[in-house]
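Morning, everyone. Please bring the model up on your screens, and I'll walk you through it.

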Amino acid sequence: MKHDPKLKTLSHDQELIAHAYRGLAPLSRDFDRLETALDHLQVASGAEHVETIRALRAKVQAFTPAVTLIGQVKAGKTSLVNAMAGTPGFLPSDINPWTSVVTSLNLSPRRTKAQQRADFRFFTDAEWANLLTTGGRVGELASRAGADEELAKVCRQLDAMRDAARDRLGERFEMLLGQSHDYSYVDPELVQRYVCLGDDLDGEPGQGRFADITRSAELFFGQPALPIPLCLRDTPGVNDTFMVREQITVNAIRGSRLCVVVLSAHQALSNVDLALVRLIANVPARDVIIFVNRVDELTDPANDIPEIRASIEATLKSMSIPAEAEILFGSAKWANAALSGDLGQMGRDSAEALLNWARYQAEHGALEKDTATMVWELSGLPAMGQAIADRIAAGEGAAALSRLGGAARNVAGAISAAAAITDRQIVERRPAPVDASKLENALDALSTEVTQTLSNGLATLTADLDLRLGKAQETFGNRATTALIRHLESYGEEIEWTYEPSGLRLLLKSSYNVFCAKSHKVAEEVFHDAASRIQALFEETFALSHTGYTLDAPQGADPPAPIMLGQTIALDIKGSWWSRWWRKRRDYSAYAQEFRALIDAEIAPMADALTSDHAAPHAEALQEVLKSFLAEQRKVLMGLAQRSAPDLEHLRKEEAKAVGAQTDALAAAQAVLTDIGSNRREGTR
């Protein structure tokens, strides 16, 4: 994580970015300390630990928390991402919003201009085939619900989209699917070739050429003002015709822990935004930040913003979203003006809104005297940066420090144990040999037992999840059809009836949460048991109990949030297809039977996804953590066993080397590692 400590001169815009993300500085210092400890361990260790230390260093340097921005089309996400990255105008924002590209800005304080690059991935044949044959998610829902007119409309729109793509790309269209384009540089013109798409491209050559088929854009460039690397992920709006964007956004959120929901001040949490609310309802509230953008378009921000806040809080409460989700207000337009140093670009109305908001803020606290810095503060970007920093430091950052710090402490313990064995062999001159075969057999038995215990425990929990999901489906289906029959008996079929599916999501989420809690407990117990038994085996085998060889149990990553529970299902759509579905039924039994079939068809894919895409991969990840831990400790103990029989002269030479730099380096590493990740070690989560 360490970057060059030489003094670097930051430009004014970089100083603003540094100020916004200053809350990440303590985390950066902790990672620097961890790298320093690894430097010491490298000096203190023998060849047997080189690969382990190198792997730990790579993980430290690769730590890049991701922040995913989601929101309604035209809420200003892209302008906000530009401001958060300190790159005004870099990503195209004023475009026709069909593009379904997830654009990730991978920022690093260490990356030089020569190390910049861009990777673009296209949709695969299968993804396009699914879109064209089923009509995407809308096509699936329309087909399931018998909404023939909607399905036909979707197919016509897809045909037009395909024809436009072929016109743009010619014969290369099919050949490009599933491919990628990689570049050793990145600039706005290149990005617009793959991300920018509009019906009228103003004759710009190459602009938007590949945007029809681009699925993701990974951009890598430097931002020296950041304390640590950071990935900002811009997603498509969720309200597109085929729900392609919704599916892409769901996958993007799963790939990062922190989510920023961008709303427009003029339509914060309107009906269109209910799709967003459904998504964030399945993200832990501590990992959600709500940013209400475009306050520059309000005529009276001082009075409008408190009303908007109250409205959002009421909507979130009605959707059972905990109050911990932080709500911030600001303007990407103001932020980009401050970064560019051109405050005149704001326009008269925006400037008046700024003055209104500045007067209000001045009455409730101090404002910066420097104009550009004041505008930056009023834009809400510093508050956003601090909120992001707080969540990364307490969540993803703390977890990474705990995992990596524990692994480094284990290396230090192994080095200390090796030194103690060498000391004893020199003192005793003829130490009792270690039975390596016996040790290996004991490790085999231990590994088999703990691995089987974890595997059995997770298999039981996965099977239990399947049962719970089945019961949830049965419970919701029974409730819904019972309510339908009651409606028909009371009002007949002339009055339409609908059923709110939030209860379904709650039942499924509850089942998954039970699995997550129990799988964490099972894994934690097995991990700690494995660590304590390996330590006991060391003490028994080598007759050493005071060597500093104390094992930190490994830690598994948190389970993925069930974001897909928020995706749109047929029961969410209250459009004209529902009226036709209602009118087509012939009698009460037909209503009940066909509605139950619709419910089952909607629930089955969600339940399957919770098991196959969430629970099963999480169980596999926990087993892989245990497997890696056991392999590493086997390597350490068998390496120590080899020290029981070398010749005495070799040991004396090794001891002579260790007395100096190696011993000092080990002590320095242990001093640094004492408190890194200590909170997690004590059980806080």
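Let's start inside. Phe120 and Tyr194 are both buried. Buried means under 20% relative accessible area, exposed means over 50%, and partly exposed is in between, with a 1.4 Å probe and protein chains only. These two rings form a stacked aromatic pair, 4.0 Å centre to centre, with 10 degrees between the planes. The rule: rings of Phe, Tyr and Trp (its six-membered ring) pair if their centres lie within 6.5 Å; planes under 30 degrees apart are stacked, over 60 edge-to-face, and the rest tilted. Phe120 sits in strand E3 and Tyr194 in helix H9, residues 188–194, so the pair links parts of the chain 74 residues apart. Helices (H or I, at least four residues) and strands (E, at least two) are DSSP runs, numbered from the N terminus.

Before I go on, a word on the source. This is a predicted model: local features need pLDDT of at least 70, side-chain atom pairs count only at pLDDT 80 or more, and totals for chains, interfaces and linings use all residues. Residues are numbered from 1 along each chain as its sequence is written, and side-chain values use heavy atoms, with hydrogens and water left out.

Back to the rings. Tyr194 also stacks with Phe210, at 4.9 Å centre to centre and 15 degrees between the planes. Phe210 is in the loop between H9 and E5, 16 residues from Tyr194. Tyr194 has 0% relative accessibility, so it counts as buried. Phe210 has 5%, and counts as buried too. Which residues make up the aromatic cluster? Phe120, Phe122, Tyr183, Tyr185, Tyr194 and Phe210 form one cluster. The count for the structure is 12 aromatic pairs.

Now the sheet. It is open, with 9 strands in the order E4-E3-E5-E2-E6-E1-E7-E8-E9, and the pairing is mixed. Two strands pair if DSSP finds at least two bridges between them. Which strands stand at the edges? Strand E4 (180–183) and strand E9 (326–329) do; each has a single partner strand, so one side of each is left without a neighbour in the sheet. The twist averages 15 degrees from one strand to the next. Axes here are lines fitted to C-alpha atoms, for helices over the stretch in contact, and angles run from 0 to 180 degrees between N-to-C directions.

Take E5, residues 214–222. Strand E2, residues 102–108, pairs with E5 in the parallel sense over 7 bridges. Thr103 has Ala217 in E5 as its bridge partner. Asn106 stands opposite Phe220 in E5. Strand E3, residues 117–122, runs antiparallel to E5, joined by 6 bridges. There, the bridge partner of Asp119 is Glu218 in E5.

Next, charges. Side chains of opposite charge can pair when their charged atoms come close. How many salt bridges does the structure hold? It holds 18. Each is a side-chain nitrogen of Lys or Arg within 4 Å of a carboxyl oxygen of Asp or Glu.

Three examples. Arg33 and Asp30 meet at 3.2 Å, N to O. Both lie in helix H2, residues 25–44, 3 residues apart, about one turn of the helix. Glu51 bridges to Arg54, with the closest N and O atoms 2.4 Å apart. Those two are 3 residues apart in helix H3, residues 50–62, so about one helical turn separates them. Glu51 is partly exposed at 49%, and Arg54 is partly exposed at 46%.

Salt bridges that share partners join Arg257, Asp287 and Asp558 into one network.

Last, cysteines. The structure holds 0 disulfides, a disulfide being a pair of cysteine sulfur atoms within 2.5 Å. Cys231 is buried at 3%, and Cys259 is buried at 1%.
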